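Welcome! Here is a friendly first tour of the structure shown below, with the main points grouped by topic.

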Amino acid sequence: MRHLRGNVVGLVALAALLTACGGGASPVGPNPPAPPPTPPPPPPPPSPIDVVLEAPLGSGGGTLVVTKAGSPLAGLKVTVEAGTYSNSTQWTISEMKEVRPSLPAKTRQIGSTIRIRNGQGFGTKPFRLSIPARVGRDSAVAAFFRDPSTGTLELMPLAARTDSSLVVVTQHLSAAQLVIPVNAPAFIAAPAAVPPTGEVEVILVGAALADLRFLIRSSFLPGVDDWDFVNRGSVLAPGGYCAGATLSALHHHYTRKAVHGALHGLYDELGTLEQDNPEGIRLASIVQRTGDWDGAKPGIMLDMMRSAVGDAGVILGGPAWVMSQAEALALALLTTGRAQALGIYQADGSQGHSIIAQAIEPGVAGGKIYVSDPNVPAVERILEYTPDLVTPFLFAANADRPATPYSIIVVMGVSALVDATRFDALWGELEARTIGDDLFHPVALEYRDPADTLWRSAVGPIKTASGSLTFRTLCAECKVARGPANDHLHRAFTATYKSTGEYVGDDREDLFPGVKVPVDLGTARFGMVHRVAHDDPQIREWLYSHFSLVAVERVPFRLLRHRFQAIAGQEITWSVTNGGIGGASSKYRFTFGPHAPPVETSFSGASVVHRFPTKGAYRATVDLFDPAGIRLATDSVTMNILEGYHWRMDCVEFKSDNPSASFTAAQASAYQRWINHGTQIAGKPSDGFLSLLTPSTFRQFGSFFVVTKPGQGATARALPLFPADSTDSPPLAARVYTGSASESPGGPPGFSRTYGGGVRDNIFGAQMVTGLSFSVSGAGWARGTLIATVAGFSPAVTIRFYARQIWEPNPAPAPPCAFGKDW
């Protein structure tokens, strides 16, 4: 300005010279008046930003105090502990007189906006900030960070309130550390420049207590925005990860929900299992540990707050404390519309727990705080408080510990005590399923099929033909604390659950090589919780490390025989039912006992014929092997071999005594025919049978009977024998025989059944019940009545009365028989 003003004077002088040296023809007049002197420049307007403190602070910490006379910020104090920052810092505190951000209704800004700059990010320890404030006890007051570029407000944790100041605790003074919501309203008239790291605005917000007496809710809802797993702790956070679960849930709600959706169930494998979110549990554990919430931080913070409230003349956790915290929470929910982290502590400060406050309902005589507790996800709990009494709340550090009274509450805010800049990277690792890989020791899940003794890796779907599998967890890098019965040095702990949530079992006992899991036919999924020992030998418990979801398909695998009974030397055809285990290069091995070598067949030719040489009980086995010789499946069956008896069809002449037939209760779907018939069996009466035959298939089904020999009784008994030699018989597996057992003379032991038995033939899908009454004379006559009820056939059914069958050792070949008679 001085340079510009000199040029103006020179131009004025040059103009005067030119006028004096003008044309000589001009008349000479009086001299013109001298120009007025140039007025002095106006004083500059007062600066809208008044720097009230500029001072360095060494790494050893200390206290800075604003002492500028006449400043409303005089007395503002910053107290920083040694080691909070590794280097010396330069602090600048300014009063921004013209910055008055918009606030929601019923709230007002108290005092000027304060800008604090120290050029630092997140410190290693919390530090205190004491801000001058004179607010009556009829009003609530709280301090907030403010990001000028977005207008985001965020609560600063309150340590003490006096008649002249507000003491807050934080680990940073940087807008770059704030959690900026994606869809939250911003109280800002126009966007401002993004502040550099280590700079933030601070404002005090107040409201009349009478204007806060209503239910103030945030948009956070239990069962929607909290995690779906229970706070039980992990190997990284043995005491629990309540703070990690609380803070990560809040961060997702603020910054990710609009894009990714609600958190509850978002990363859950199965809604029926609460352990099946390993990535979420790992994220919560990492936040818990790296934030030092299990270590020094709670102690440092409580000590700092005790010091602050002691300076203020109140007691940590006393009536003045709880009301100040509740009022700050109400202002935070009303001003930001967002849920807040809430710390609760035992009276002596020895135990702490972290929850989420999503609503508050202040009243004249206290009020209610509505919270989400990571120990009981999806449940809203209510904490009550009064002006002069702190109600003890029953909580626990984690869900597996007994609940005890907690009587101190601290509103933690969002990012003041959390390095929120790390969350984006953690969420990225969670999405990539790599979170915690550098912190949690890797585990491997193995299983053993009882068909073989080999342990296999349980990666991918498992197919088996066995009724159970055994699983175990190995951790080569873990400290393992198992007993001497442990069959593997690296074996950790496995707990198994069904996909529906039911607990199956675990391998806590060292006597077991793993956890045995029953497997039903079909496909099922099982949840495997892997627990490992902590590196600290003082922590004597198995701690959560990871979770695996295993799909198991059990397919049918059975050894079949085409005869139910056989005699010595009789051919028996053996085959296999395989529901899908093995492949084209697999082989079957049939074993029938020490009397014969094993027989191997190809995968496509699983059928062999074998004769047992003598009577007795034999155990036949089939094994399926892969090309490497590993047994994939096995099944066996015990068969009783008889001596001397076999089936023989004998031609028998039937003579009718005036057969008759009549129909009763004829229906389209059920048909009943009564046959009254007396028959003489020509030849020597012996064991015999009756059979009914359908015209469409000519296969036998029905009830069989034994006719006793002359002189041995006068009662016929039903005998559901298996016509193994008859090619017209349906397969044994298709028949279901009913009836009670009794012996009958004239036939092999164990083959007779009481008269009145029924047979259901699954091939034909029909039920046939036969009733039989016979008498035997000494001359060999057999007379009686057959009552046959047939359901499921049309009225055109033909019922045939058939021949007898002889049991005898080594029978002569039977001639062809043309037997049967129709009625």
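This is a predicted model: local features need pLDDT of at least 70, side-chain atom pairs count only at pLDDT 80 or more; totals for chains, interfaces and linings use all residues.

Helix α2 (residues 242-255) and helix α4 (residues 278-290) cross at roughly 110°, and their axes come within 7 Å.

- On the α2 side, the contact with α4 is made by Cys 242, Ala 243, Gly 244, Ala 245, Leu 247 and Ser 248.
- On the α4 side, Leu 283, Ala 284, Val 287 and Gln 288 take part.
- The residues of this α2 and α4 contact divide into 7 nonpolar, 3 polar and no charged.
- Helix α2 has another partner, helix α7 (residues 423-431), with the axes 11 Å apart and an angle of about 90°.
- The pair α2 and α7 is therefore roughly perpendicular as well.
- Leu 247, Ser 248, His 251 and His 252 of α2 meet Phe 423, Asp 424 and Trp 427 of α7.
- In the contact of α2 with α7, the residues divide into 3 nonpolar, 3 polar and 1 charged.

**The chain as a whole**

- You will find 7 helices and 51 strands in the chain.
- The chain has 823 residues, of which 49% count as buried.
- Among contacts with a separation of 6 or more, 66% are between residues 24 or more positions apart.

**Nonpolar cores**

- The largest nonpolar core has 138 residues, and Trp 91, Trp 227 and Ile 369 touch the most other members.
- Helix α6 (residues 319-336) gives this core its largest share, 11 residues.
- Another core, of 24 residues, lies apart from it; Trp 574, Ile 581, Tyr 618 and Leu 624 are among its members.

**A look at Leu 166**

- Leu 166 sits in strand β10 (residues 165-170).
- Is Leu 166 buried or exposed? Its relative accessible area is 1%, so Leu 166 is buried.
- Beyond its neighbours within four places in sequence, Leu 166 is in contact with residues including Leu 129, Ile 131, Val 141, Leu 158, Arg 161 and Leu 204.
- Leu 166 and Ala 308 are 142 residues apart in sequence, and their C-alpha atoms are 9.9 Å apart in space.

**Salt bridges**

- Side chains of opposite charge can pair when their charged atoms come close.
- How many salt bridges does the structure hold? There are 20 salt bridges in the structure.
- One of them joins the side chains of Arg 117 and Glu 199, at 2.6 Å from N to O.
- Arg 117 lies in strand β5 (residues 108-117) and Glu 199 in strand β11 (residues 199-208), so this pair ties together parts 82 residues apart in sequence.
- Arg 117 counts as partly exposed at 35% relative accessibility, whereas Glu 199 counts as buried at 8%.
- Arg 137 and Asp 163 also meet through their side chains in a salt bridge, at 3.8 Å from N to O.
- Arg 137 is in the loop between β6 (127-132) and β7 (139-146) and Asp 163 in the loop between β9 (158-161) and β10, so the pair ties together parts 26 residues apart in sequence.
- Asp 163 counts as exposed, at 54% relative accessibility.
- The side chains of Glu 380 and Arg 217 form a salt bridge too, at 3.1 Å from N to O.
- This pair links distant parts of the chain, 163 residues apart: Glu 380 is in strand β16 (residues 380-385) and Arg 217 in strand β12 (residues 216-217).
- Glu 380 is partly exposed, with a relative accessible area of 32%, and Arg 217 is partly exposed, with 37%.

**Positive phi values**

- Most residues other than glycine have a negative phi.
- Lys 106 has a positive phi, near 75°.
- Lys 106 is placed in the loop between β4 (89-96) and β5, and counts as partly exposed at 47% relative accessibility.
- Arg 433 has a positive phi too, near 60°.
- The loop between α7 and β20 (444-448) holds Arg 433, which counts as exposed at 52% relative accessibility.

How values were computed: Residues are numbered from 1 along each chain as its sequence is written. Side-chain values use heavy atoms; hydrogens and water are left out. Helices (H or I, at least four residues) and strands (E, at least two) are DSSP runs, numbered from the N terminus. Buried means under 20% relative accessible area, exposed over 50%, partly exposed in between (1.4 Å probe, protein chains only). Contact means heavy atoms within 4.5 Å. A nonpolar core is a set of buried Ala, Val, Leu, Ile, Met, Phe, Trp, Tyr and Cys residues joined through side-chain atoms within 4.5 Å. Axes are lines fitted to C-alpha atoms, for helices over the stretch in contact, and angles run from 0 to 180 degrees between N-to-C directions. Ala, Val, Leu, Ile, Met, Phe, Trp, Tyr, Cys and Pro count as nonpolar, Asp, Glu, Lys and Arg as charged, and the others, Gly among them, as polar. A salt bridge is a side-chain nitrogen of Lys or Arg within 4 Å of a carboxyl oxygen of Asp or Glu. Angles under 35 degrees count as roughly parallel, over 145 as roughly antiparallel, 65 to 115 as roughly perpendicular and the rest as oblique.
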